[in-house]
Amino acid sequence: MNLFVRVEASSKCGTGHLKRCIALSKKIAQNKNNSVIFFFSGDEHYAKLIEEAGFKFFILTHDNFNHVNDVKNINEIINKHKFYFDFILVDHYKIDHLW
């Protein structure tokens, strides 16, 4: 199973989103056939938590978040690296059903 995690962490929204996603991803990654890749936005120094947990990640930078640019940036990364995902986990205040 391949899992794609879209999450944010910042001094404004905290690290709860990220810590939840890392904890869940660690459980999923216990099965060696599973892979987890993070797409992260927020304060870049929090990305170190993903790195320390041993997961691959990409930092998404947005001056002003909007759904269209977020999906476009993620799709470019997915296509460039030829990633395939079975599930998407989203833990982000600004992402809703429109995303």
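Q: What makes the largest nonpolar core of this predicted model a core?

A: The largest nonpolar core has 15 residues, and those with the most contacts inside it are Val5, Val7, Leu18, Val36, Phe38, Phe40 and Ile50. A set counts as a nonpolar core if its residues are buried and joined through side-chain atoms within 4.5 Å. Buried means under 20% relative accessible area, so that limit applies to each member of a core.

Q: Which helices and strands each supply at least two residues of this core?

A: Strand 1 (2-9), helix 1 (16-29), strand 2 (35-42) and helix 2 (47-53) do.

Q: What is known of a second core?

A: A separate core of 10 residues includes Phe39, Phe58, Ile74 and Phe83.

Q: Which residues is Val7 in contact with, leaving aside its neighbours within four places in sequence?

A: Among them are His17, Leu18, Cys21, Phe38 and Asp91. Contact requires heavy atoms within 4.5 Å.

Q: Why are strand 3 (56-59) and strand 4 (87-91) said to stand at the edges of the sheet?

A: The open sheet of 4 strands has the order 3-2-1-4, with parallel pairing. Strand 3 and strand 4 each have a single partner strand, so one side of each is left without a neighbour in the sheet.

Q: How do you know that strand 1 and strand 4 pair?

A: Pairing needs at least two bridges; 5 bridges join strand 1 to strand 4, so the two count as paired. Val5 stands opposite Leu89 in strand 4.

Q: Which strands does helix 3 lie across?

A: Helix 3 (residues 67-81) lies across strand 1, strand 2 and strand 3, at about 140 degrees to strand 1.

Terms used:
Residues numbered from 1 in each chain as written. Predicted model: local features only at pLDDT ≥ 70, side-chain atom pairs only at ≥ 80, totals over all residues. Heavy atoms only, no water. Buried < 20%, exposed > 50% of the residue type's maximum accessible area, 1.4 Å probe, protein only. Axes fitted to C-alpha atoms, helices over the stretch in contact; angles between N-to-C directions.
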